[in-house]
Amino acid sequence: MSWIWHYALPFMAVLGSVVLFHEFGHYLVAKVLGITVEIFSVGFGPRIAGFTRGGTEYRIAWVPLGGYVKLKGETAEEGSAPADPGDLMGRPRWQRFLVFVMGAVFNLITALGLTAAIFMTGVQENAYLYEKPIVGEVDQDSPAKDADIRPGDQIVSFGGEPVSTWKDLQIRMMLSPRQTKDLELERDGRLVTTRLTIESNKSDIGIPGVYPATGVVVGGLQPGRPAEKAGLRKGDRIAAIDGVPMITLNRVLQTIQSSPGKPLRFSIERAGQTFDVTLVPVEEEGHGRIGIVPTPPSVTRSYPFFEALYQSVVSNVEQTKLVFITFRKLLTRELSLRAFSGPVDLYRFSGEAAQEGLIPFLQLIAFVSLQLGIINLFPIPPLDGGHLFTIVVEGIIRRELSARLKERVLQAGLILLLLFMGTIIFFDISKNSEAIKSLFR
C-alpha cells in the first residue's frame, strides 16, 4: 500500500491544488461582480458535507482531484431571458470575459508566486546547464558516434542556430526527435561541420547521444532499495563503478541498468573520504535498479524579493515559449502526441517530486499550474479560451451569436478535445505499461 503515500496522495495534491486555484479565480471575480455562484465544490462527485452562505453552497465531495464552480445562467439557454440579475449570460460581455479569463489568470499567478518563493528560498539547478556545450562523452551506440562527434568538441550551432549553453542545446535536441540537423563544432581551434540524426525514446523525445563531463552525485534515495540499505546518502559522489571513472550521468545509468543481478563495486566520495561499497541492482522492467536518483552536481540560486519576482517572470516566460514551440512542432509533424504527458505521467512525476523534497514538489505544482493556465486559454470550446473567443467575436460583430451555433461549436470543440485527450492518455498508458503492471503484481 506504499504506492498510496508515495504516489497517489502527491498526485491528488498536485492536480487538486492547480484545479482548485483555477476554479477559485472564477469564483472570486463572479462574487465581486455580483454574479450568483450556486456551488463551490472542493472535489468532484457525491457531496460529503457542506453549508450554504450568501446564496452559495460550499461543499466537499468524494473525489479529491480539484473542484468546480457552478454559476447561475452559465449557458445560452439558461441566460437567453434572464430573470435574475445574478445570471452570468445576462451580464455585459466584459464581465463575462473577466469571469472566464480569471481561472487561467489565477493559474499563472500561482506559477509566478510559487516560482518566486522558490527562488527566494533557494533553487537547485544542475551546474553544467549554463556552461559551454563541450562534449564529455559520446554514446557509442548512437548516431553521434557516426557523426564523428568527439569528446572535447564544443557544439557552437545546432540546425543553423547558435547555441551557447548545454541548456539551449538540450532543449533543441529534445524537441527534434527523428530529425537530421547540421552541427557546427569547434575542435582544436578550427570549425568542423557534421550532420546528426537525433534518436527518440518511447516518449518521442529527442535523445542527444552526447553528454557533458559533469561527475555524478546521489540526488535522492528510494526507501528500501539497495542503495539506501547499503548506507548511501544524498550528496555522495559516484567516482567509479568497478574501477571505471563515472564522469557522466549517462555512463552511470547505462552501467546500472545493464547489470541486473550483477554485483557492482561503487567507489563513493563523501566529505573528502573515499570508500567502496558493493551493490546488486534488482531487475525491474528488464533493467537494473539500485534506488537512487543520480544527478550532476548542482548549484543553489537564491535572490531577494524583487529579483526573485523578476527571475520568476523570466523562467515562466521561457516555459511559455516552450509550450508554443511544442505545439508548433506538433502541427508541423516534427513531434508526435507521444511527447505529451498525460495523467499517468503526472502521477509518476508527482510521486518522484514528493520523494525528492518540498522544493521539487512545489516546482512541479508551479509547472503544472502554468501549463493548465496556458492551455485553458486556447480558443477551443469548452475550454475557457473558447468562451473568451466567442465573446471577442460577438464584440466585433456587435451582436450575440445564436444559441444553436454556440451549441454546434461547443460540440465540435468537445469532440476534438476528447479525441486529443484520448490519444494522449492512450500513449500515456502505453509508455508506462510496465509501471502500471507492477502495481498489480
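## A nonpolar patch on the surface

Let's start on the outside: Val42, Phe44, Ile48, Ile60, Trp62 and Val63 make up a nonpolar patch on the surface, and together they have about 530 Å² of accessible area. Patches here are built from residues with over 30% relative accessible area and no salt bridge, with like charges joined within 9 Å and nonpolar side chains (Val, Leu, Ile, Met, Phe, Trp, Tyr) within 5 Å. The areas come from the Shrake-Rupley method with a 1.4 Å probe, and for residues only the protein chains shown count as cover. Helices (H or I, at least four residues) and strands (E, at least two) are DSSP runs, numbered from the N terminus.

Take Val42, which sits in strand S1. Val42 has a relative accessible area of 35%, so it is partly exposed; that label covers the range between buried (under 20% relative accessible area) and exposed (over 50%), again with a 1.4 Å probe and protein chains only.

## What you are looking at

This is a predicted model, where local features need pLDDT of at least 70 and side-chain atom pairs count only at pLDDT 80 or more, while totals for chains, interfaces and linings use all residues. Residues are numbered from 1 along each chain as its sequence is written, and side-chain values use heavy atoms, with hydrogens and water left out.

In soluble globular proteins, nonpolar side chains tend to be buried together. Here, the largest nonpolar core has 19 residues, and Ile149, Ile155, Leu196 and Val210 touch the most other members. At least two residues each come from strand S5 (154-158), helix H5 (166-174), strand S7 (180-187) and strand S8 (190-197). H5 gives the most, with 3 residues. A core of this kind is a set of buried Ala, Val, Leu, Ile, Met, Phe, Trp, Tyr and Cys residues joined through side-chain atoms within 4.5 Å.

Leaving aside neighbours within four places in sequence, Ile155 is in contact (heavy atoms within 4.5 Å) with Pro133, Val135, Val163, Leu169, Leu183, Glu184, Leu185 and Val210. Apart from this core lies another, of 18 residues, including Tyr27, Ala30, Val37 and Val101.

## A closer look at Leu183

Is Leu183 buried or exposed? With 1% relative accessibility, Leu183 counts as buried, and its place is in strand S7. Not counting residues up to four places away in sequence, Leu183 touches Ile149, Ile155, Ser157, Phe158, Val192, Thr193, Thr194 and Leu196. Leu183 and Ser157 are 26 residues apart along the chain, but their C-alpha atoms are separated by 5.6 Å.

## Salt bridges

Side chains of opposite charge can pair when their charged atoms come close. A salt bridge here means a side-chain nitrogen of Lys or Arg within 4 Å of a carboxyl oxygen of Asp or Glu, and by this rule the count comes to 25. One of them joins Arg251 and Glu137, with the closest N and O atoms 3.1 Å apart. Arg251 lies in helix H7 (residues 249-257) and Glu137 in strand S4 (residues 137-138), so this pair ties together parts that are 114 residues apart in sequence. Arg251 is partly exposed at 21% relative accessibility, whereas Glu137 is buried at 12%.

Another salt bridge links Arg195 to Asp182, with the closest N and O atoms 2.6 Å apart. Since Arg195 lies in strand S8 and Asp182 in strand S7, the pair ties together parts that are 13 residues apart in sequence. Elsewhere, salt bridges that share partners join Arg93, Arg96, Glu394, Glu400 and Lys406 into one network.
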